[in-house]
Structures are given as structure tokens and as C-alpha cells.
Amino acid sequence: MANVFRPEIDEHGDVAGFCWRGESVGRKAGSERLGASVYELPPGEATFPYHCHLANEELLIVLAGRPDLRTPEGWRRLDEGDVIAFPTGGLGAHQLVNRTDGDVRFVMISEMRSPDIALYPDSDKVGVREHAPGSEREGLRLNFRAPDAVDYWDGERMPEAPD
């Protein structure tokens, strides 16, 4: 059984500036179509780069601490108990940062629609995922810089006739 107040931490982000601990409580509770993860965010860290999903809506619930949230409207400080929805597309872009002296704990709930495409406005990247983020399923997972895009017909040619 999963518990958001007593998570069994078994996931980690360990890239400089993006260090976090977490547990996929939705999966452990038996959910197949909804993802739910508890994150613990130490001071001075962010969970993920500023991003949005094109297929998966997300919902944030702050359990403890006062994280700073970045959205297309700018930055704002959240309070314990705040619930924020991130719709699909650019209007749902978000990033969570802990600029306090104590740990922050929150739950992120998401649809588990596959495939998913994520946009990263700060680095001008596009992430393509065969399976929804947080899924245990293996599959295609690629990141591209948007300026590297090519025309649909680039490199295509008429097939040769069989002998």
C-alpha cells in the first residue's frame, strides 16, 4: 500500500540543480490510467526543466513546504494545500523549484496517455515518449532540438521497382 505522508523513496533525480527523491504511489496503489508521484525536493533544487505535455494533463498538490512555481504567467510562491492544474499544451507549462531552507513535499497526478510529447521552451527541445512519463514500460524515448527539424519529405524517395 502506498502512503503520501510516508513514501517509500525509491526514485531519484540526481542531475545538478535537479535533485529530488520520490515514489510512484499511483502505480504502487494499482492505478493503470492515472499516475501519481510523491516528490521530496531539497532546498535549492528543481524537479524538472520548465516544460509542458501535449498529451497529459497534470495536477499538483502541495503537501509540505512552500515551493516556487513557474508558469507562463511567471513565478509565484505556493502554500501547503495548494492545488494547481496544468492543462495540455503551452498554457500548462510549469516548473517547481524549492527556494526555501527546508524540504518541500508534493504530489503530482497525471494522465497516463501514450504516446506523449513534451516541449522544453528554455532549451528549445522536444521530447518524444512512446509511453507516458513515469510508466515502467520501456520504449522510444528521444529528445531533439527544435531547430534540427526537417521537412516531412526530407530524405524520402520513390521506392525502386522489384525485379
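Leaving aside neighbours within four places in sequence, which residues is Leu-60 in contact with? Keep that in mind while you look around. This is a predicted model.

**Start with the whole chain.** Show the protein chain as a cartoon. Look for one helix and 13 strands. Along the principal axes, the C-alpha atoms fill a box of roughly 70 × 35 × 25 Å.

The protein chain exposes about 10,200 Å². Carbon and sulfur atoms supply 52% of that area. Buried residues make up 36% of the 163 residues.

**Colour by charge.** The chain carries 18 positive and 30 negative charges. Their mean positions are 4 Å apart.

**Go inside.** Hide the surface and select Leu-60, Leu-78 and Phe-106. In the largest nonpolar core, which has 13 residues, these three touch the most other members. Next, select strands S3 (34-41), S5 (58-64), S8 (83-86) and S10 (104-111). Each of them supplies at least two residues of this core. S10 gives the most, with three residues. In soluble globular proteins, nonpolar side chains tend to be buried together.

**Zoom in on Leu-60.** Here is the reply to the opening question. Beyond its neighbours within four places in sequence, Leu-60 is in contact with Leu-78, Asp-82, Val-83, Ile-84, Phe-86, Leu-96, Phe-106, Val-107 and Met-108. Show their side chains together.

**Step back out.** Display contacts across the chain. Among those with a separation of 6 or more, 54% join residues 24 or more positions apart.

Technical notes. Residues numbered from 1 in each chain as written. Predicted model: local features only at pLDDT ≥ 70, side-chain atom pairs only at ≥ 80, totals over all residues. Heavy atoms only, no water. Helix = DSSP H or I, 4+ residues; strand = E, 2+ residues; numbered from the N terminus. Buried < 20%, exposed > 50% of the residue type's maximum accessible area, 1.4 Å probe, protein only. Contact = heavy atoms within 4.5 Å. Areas by Shrake-Rupley, 256 points an atom, 1.4 Å probe, with all protein chains shown as cover. Lys, Arg positive; Asp, Glu negative; His and termini not counted. Charge placed at Lys NZ, Arg CZ, Asp CG, Glu CD. Core = buried A, V, L, I, M, F, W, Y, C linked by side-chain atoms within 4.5 Å.
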